[in-house]
Each structure stands twice: as structure tokens, then as C-alpha cells.
Amino acid sequence: MDPEFWHERWRLHQIGFHQRALNAHLQAFWERLGLSPGDRVLVPLCGKSRDMLWLRTRGHSVLGVELSEIAVRDFFAENSLQPQISRRGSFAVWESDGIALWCGDFFDLTATDLVDCAGVYDRASLVALPPSMRKRYARHLQAVLPRPIAVLLVTMEYPEGEMQGPPFSVHEEEVRTLYAADFAFDRLYRLDVLAENPALRKKGLSMLEEKVYRLRRQSGR
């Protein structure tokens, strides 16, 4: 799964992963991170998610990272925002009203880029990646995030072999393996959502569960 895979998805408008509605888990559990208005929030692999608008209404400045210029352009156009466009390293930065979308490769992010971030919202990043890339993603995220930091992570689980992702099934044991060495780890919620996803049920899934986690890394850890 290389960058061209995602560019092709956006060119062909094959974006079933995009949620038009605000994510209910974000609204229900965001306060559990203990962030304050004004804190900067990273949204990796953000697409054109409207969740970023909700985070902005909570007083946060938002830094989204997205590979596809189509997704970035559509976010601003669909929300009637007029962006200012500049360059930062290998990224084109589109910015308006406290929301900055960095168009480029997530793996080009550095610790300097994220030094003022206090939180991370990951609804569609980890589950978008195959196993080998999930390890690389988690390692890079932990390397560039500052301390302290809090993460709201949403994943899904389904039986192995019943569907070829994305979205991929990411079991709780894997989440712990990826993050527990560096983060305090709490599962906040689990929910059977198969009935709410008829398209995935038609692909052969017999079970589909969403889980919500809070990850926290303190200054001295």
C-alpha cells in the first residue's frame, strides 16, 4: 500500500472511509483527554473529516496531515473556508481560521513540527494501514510527539480473513503492543456496530466492533 493507492482512491472518489457526520465517539469521549481550549490537536491522515471543525469549536487549533491534495482542497471548499497556502519543508500548508492542513507524507513530520501539540485524534489512521505500516506509523508517531501528550484512538475489530482492508481490523492486543511501552492505556468503550454498517456486512463480516482508547504519555515517562 503505497501513496499512489490513496491518491487513486481520492481521484476515483472511492472514499467510503469518509464520514459525513461528526463522529459520536469524539463527541462523547474527547473531554476525557483533559485538554484545554487553545491546546493544539494533531489529526493524522485526516482526509476531509468534519471532526476537525468540531475540534475547532472546542477552542483547539487543529493540525491535520493528509497525503491527498484533493482531500485538502475539498475540505476548505465544502466548508466555505478560504485558505492561505504556504510551504513548510516538504508540506504545502493550507490554513484558515485555526485549522491548518499539511498536505504531504505523514512520515515526513518531525518533532519540531509538533512541539506545541497537546493532543491527538486518531479515528481513521491506524485502521487505514496494513500490519507492517501500523508498526512504522506507531513508531514514528511516538518519536515525533512531545511530552506530555494525550491521544483519543478509535479502532475496529472483525474476524481475520473475513474482509481485506482498509479499513483493517486492529485488535486490542495489537494496540497494547504498539503503544503500552510508552503510554498509559485505557479502553473507554466498546460497541457492536455491524448492524449500522450494511455495506461491510455485505462483504461477509460476521462481527464488527468499535473500540475507543485513551492513551496518555507523561513528561517523565
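**Briefing: sheet, helix packing and backbone exceptions**

Strand β6 (residues 117-122) runs parallel to its partner, strand β7 (residues 149-157), and the two are joined over four bridges. Across this pairing, Tyr-121 is placed opposite Leu-152 of β7. The model is predicted. Its sheet is open and has nine strands, and the structure contains 16 salt bridges.

**Sheet**

- The strand order is β3-β4-β5-β2-β1-β6-β7-β9-β8, and the pairing is mixed.
- The edge positions are taken by β3 (84-88) and β8 (184-192); each has a single partner strand, so one side of each has no neighbour in the sheet.
- From one strand to the next, the twist averages 20 degrees.

**Packing of α5 and α6**

- Two packed helices are described by the angle between their axes and by the distance between those axes.
- Helix α5 (residues 131-144) packs with helix α6 (residues 172-179) at about 40 degrees, and the axes are 9 Å apart.
- The two helices are therefore oblique to each other.
- The crossing of α5 past α6 is right-handed.
- On the α5 side, the contact is made by Arg-134, Lys-135, Tyr-137, Ala-138, Leu-141 and Gln-142. On the α6 side, Glu-174, Leu-178 and Tyr-179 take part.
- Sorted by class, this contact comprises five nonpolar residues, one polar residue and three charged residues.

**Salt bridges**

- Side chains of opposite charge can pair when their charged atoms come close.
- One of the 16 salt bridges is formed by the side chains of Lys-48 and Glu-78, at 2.8 Å from N to O.
- Lys-48 is in the loop between β1 (40-44) and α3 (51-57), while Glu-78 belongs to helix α4 (residues 69-78), so the pair ties together parts that are 30 residues apart in sequence.

**Backbone exceptions**

- Most residues other than glycine have a negative phi, and most peptide bonds are trans.
- Arg-147 and Pro-148 are joined by a cis peptide bond with omega of about -5 degrees. Pro-148 is located in the loop between α5 and β7.
- A cis peptide bond also leads from Pro-166 to Pro-167, where omega is near 0 degrees. The loop that holds Pro-167 lies between β7 and α6.
- Ser-80 is not a glycine, yet has a positive phi of about 55 degrees. Ser-80 sits in the loop between α4 and β3.

Note on methods
Residues are numbered from 1 along each chain as its sequence is written. This is a predicted model: local features need pLDDT of at least 70, side-chain atom pairs count only at pLDDT 80 or more; totals for chains, interfaces and linings use all residues. Side-chain values use heavy atoms; hydrogens and water are left out. Axes are lines fitted to C-alpha atoms, for helices over the stretch in contact, and angles run from 0 to 180 degrees between N-to-C directions. Angles under 35 degrees count as roughly parallel, over 145 as roughly antiparallel, 65 to 115 as roughly perpendicular and the rest as oblique. A crossing is left-handed if the near helix is turned anticlockwise from the far one by less than a right angle, and right-handed if clockwise. Contact means heavy atoms within 4.5 Å. Ala, Val, Leu, Ile, Met, Phe, Trp, Tyr, Cys and Pro count as nonpolar, Asp, Glu, Lys and Arg as charged, and the others, Gly among them, as polar. Two strands pair if DSSP finds at least two bridges between them. A salt bridge is a side-chain nitrogen of Lys or Arg within 4 Å of a carboxyl oxygen of Asp or Glu.
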